[in-house]
Amino acid sequence: MVDSVFMAELSWPEYQAKIEAGAPVFLALGATEQHGPHSPLSVDVVIPTAVCEAVARRVGGLVAPTVPYGCKSKPRSGGGESFPGTTSLDVSTFILVVRDIVRALGRDGVKRLVVVIGHFENGWPAVEGIDLAFRELAREGIADMKVMRLEYWDFVHRATHERIFAPGSFPGTELEHASLIETSLMLHLRPELVEMDKVPADGPATFPAYDIWPTPEGFGPPSGVLADARGSSAEKGRLLMDDHVALITEAVTAAFNL
Ligand code: ZN
Ligand code: MN
């Protein structure tokens, strides 16, 4: 018998047995998106998948395959669509991808699902996808599924942010793209994919409080790094990861009465 925390590594009877035993399922919604000249296109896949794996191991859960394509990158939160390698779905497509996966898991008998956002622009479209899945499942008479949706970066102690950022230097979640948090987490999780000597110094971005089409020339830093990544370290990544895993485990355990 193969035993794994990863759903895709199980046979269907092994998967079915775990679902029937009440295993919560974790689904990360990532992206294939530029993260500056120093980080891989997979940042928004690697980090939430690692969070899902660690929490699933603590609560006896399963990790569904991560969705590797996300909603279109917006200039003020991800640098935008113009970078080679940023490979995105229309929001309307993404909503239906989420709907279909949640619906299929519900039909499988999954009772507890945790949807973990790994890419800023996926947040609200994921809400819509889950809503649509619930509407359909209700019509099919499936009413006993519970779903949590969360952004992993919200699960951090204020004291950890204060240790990681110089006073007053936290740029906000939107500008934390390819910057200190994501780069540190990647240095902790996949250091061989990060090249700190290529971290640019063309940020931080200063955007107006509105979107505008077409994107003006020079709207964001040409590197695609929206805030400063130069203070990144594996140790900071470990501190963040410890918080994410501990606090999400706590939240899931409480919400699902595990
Ligand atoms: Zn990212
Ligand atoms: Mn992203």
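A pocket is taken here as an open set of grid points, on a 1 Å grid over the protein atoms alone, with protein on both sides within 12 Å along at least five of seven lines. In this predicted model, the second largest pocket holds about 260 Å³ of space. Its lining comprises 13 residues, and Ser77, Phe120, Glu121, Trp124 and Glu174 are those nearest its centre. Helix H3 (75-78), helix H5 (123-139) and strand E4 (146-151) each contribute two or more residues to this lining, with the largest share, three residues, supplied by H5. By residue class, the lining of the second largest pocket consists of seven charged, four nonpolar and two polar residues.

A total of 18 residues line the largest pocket, and Pro75, Gly79, Gly80, Ser82 and Thr215 lie nearest its centre. Eight nonpolar, seven polar and three charged residues make up the lining of the largest pocket.

The largest nonpolar core contains 61 residues, among which Leu29 and Leu113 touch the most other members. Helix H2 (residues 43-59) is the main contributor to this core, giving 10 residues. When residues up to four places away in sequence are not counted, Leu113 is in contact with Val25, Leu27, Val102, Leu105, Met145, Lys146, Val147, Met148 and Phe256. Another core, of five residues, lies apart from the largest one and includes Leu175, Ala205, Phe219 and Leu226. In soluble globular proteins, nonpolar side chains tend to be buried together.

Note on methods. Residues numbered from 1 in each chain as written. Chains lettered and ligands numbered in written order. Predicted model: local features only at pLDDT ≥ 70, side-chain atom pairs only at ≥ 80, totals over all residues. Heavy atoms only, no water. 1 Å grid on protein atoms, 1.4 Å probe; cavity = no way out; pocket = protein on both sides within 12 Å on 5 of 7 lines; lining within 4 Å. Nonpolar A, V, L, I, M, F, W, Y, C, P; charged D, E, K, R; others polar. Points joined across faces, edges and corners; volume = space filled by probe spheres on them. Helix = DSSP H or I, 4+ residues; strand = E, 2+ residues; numbered from the N terminus. Core = buried A, V, L, I, M, F, W, Y, C linked by side-chain atoms within 4.5 Å. Buried < 20%, exposed > 50% of the residue type's maximum accessible area, 1.4 Å probe, protein only. Contact = heavy atoms within 4.5 Å.
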